[in-house]
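The following questions and answers examine a predicted model. Please keep the sequence and the structure in view while reading.

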Amino acid sequence: PHQGADGQAVSLMQTAGDPHRNRISWQCRRGMRELDEMLSRFMADGYDALDSTGREHLARLLDFPDPLLLAWLMERSVPADRDVAHIVRIIRNTTAA
């Protein structure tokens with residue numbers, strides 16, 4: 001079992017039934033090591049804490065090209081869209097080492 005955001009064990013069978021989560025998880029696989037690591041860590045540690053609005057903002061964020069995502073997540077620039085900027089902050093805070 002994997003550990004969810006609340007520290008409780010979550011089996012892969014529990015997450016297999018959530019098509020939205022599966023789609024977002026697939027979109028997090030970017031092919032850029034830094035993005036893959038940060039986004040997969042967020043999916044494991046922070047996704048479950050998002051409400052439906054936060055999940056919509058995450059889906060919007062993932063529509064942007066990799067160079068922009070990397071710049072935003074590495075704090076090299078800030079998204080102009082407030083909602084996207086907010087989800088970027090949540091991801092950075094959740095995945096900070």
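Q: Does Arg-21 count as buried or exposed, and what is the relative accessibility behind that label?

A: Arg-21 lies in helix α2, which spans residues 19-27. A residue is called buried when its relative accessible area is under 20%. Arg-21 therefore counts as buried, with a relative accessibility of 11%.

Q: With which side chain does the side chain of Arg-21 make a polar contact?

A: A polar contact requires a pair of N or O atoms within 3.5 Å. For the side chain of Arg-21, such a contact is found at 2.5 Å, and the partner is the side chain of Asp-48.

Q: Which element supplies the largest share of the lining of the second largest pocket?

A: The second largest pocket holds about 150 Å³ of space. Of its 11 lining residues, the closest to the centre are Met-38, Arg-41, Leu-73, Met-74 and Thr-95. The elements that give two or more residues to this lining are α3 (33-45) and α6 (82-95). The largest share, 4 residues, comes from α3.

Q: How many residues in the lining of the second largest pocket are charged?

A: Asp, Glu, Lys and Arg count as charged. The lining of the second largest pocket contains 5 nonpolar residues and 1 polar residue, and the number of charged residues is 5.

Q: What is the phi of Glu-75?

A: Glu-75 is in the loop between α5 (66-73) and α6, and it counts as exposed because its relative accessibility is 59%. Most residues other than glycine have a negative phi. Glu-75 is not a glycine, yet its phi is positive, at about 60°.

Q: How far apart in space are Leu-68 and Val-78, C-alpha to C-alpha?

A: Leu-68 belongs to helix α5 and counts as partly exposed, at 34% relative accessibility. In sequence, Leu-68 and Val-78 are 10 residues apart; in space, their C-alpha to C-alpha distance is 9.3 Å.

Definitions and conventions. Residues are numbered from 1 along each chain as its sequence is written. This is a predicted model: local features need pLDDT of at least 70, side-chain atom pairs count only at pLDDT 80 or more; totals for chains, interfaces and linings use all residues. Side-chain values use heavy atoms; hydrogens and water are left out. Buried means under 20% relative accessible area, exposed over 50%, partly exposed in between (1.4 Å probe, protein chains only). A polar contact is a pair of N or O atoms within 3.5 Å; within protein, one must be able to donate a hydrogen and the other to accept it, and residues adjacent in sequence count only if both atoms are side-chain atoms. On a 1 Å grid over the protein atoms alone, a cavity is a set of points where a 1.4 Å probe fits but cannot get out, and a pocket is an open set with protein on both sides within 12 Å along at least five of seven lines; lining residues have an atom within 4 Å of a point. Grid points are joined across faces, edges and corners, and a volume is the space filled by probe spheres set on the points.
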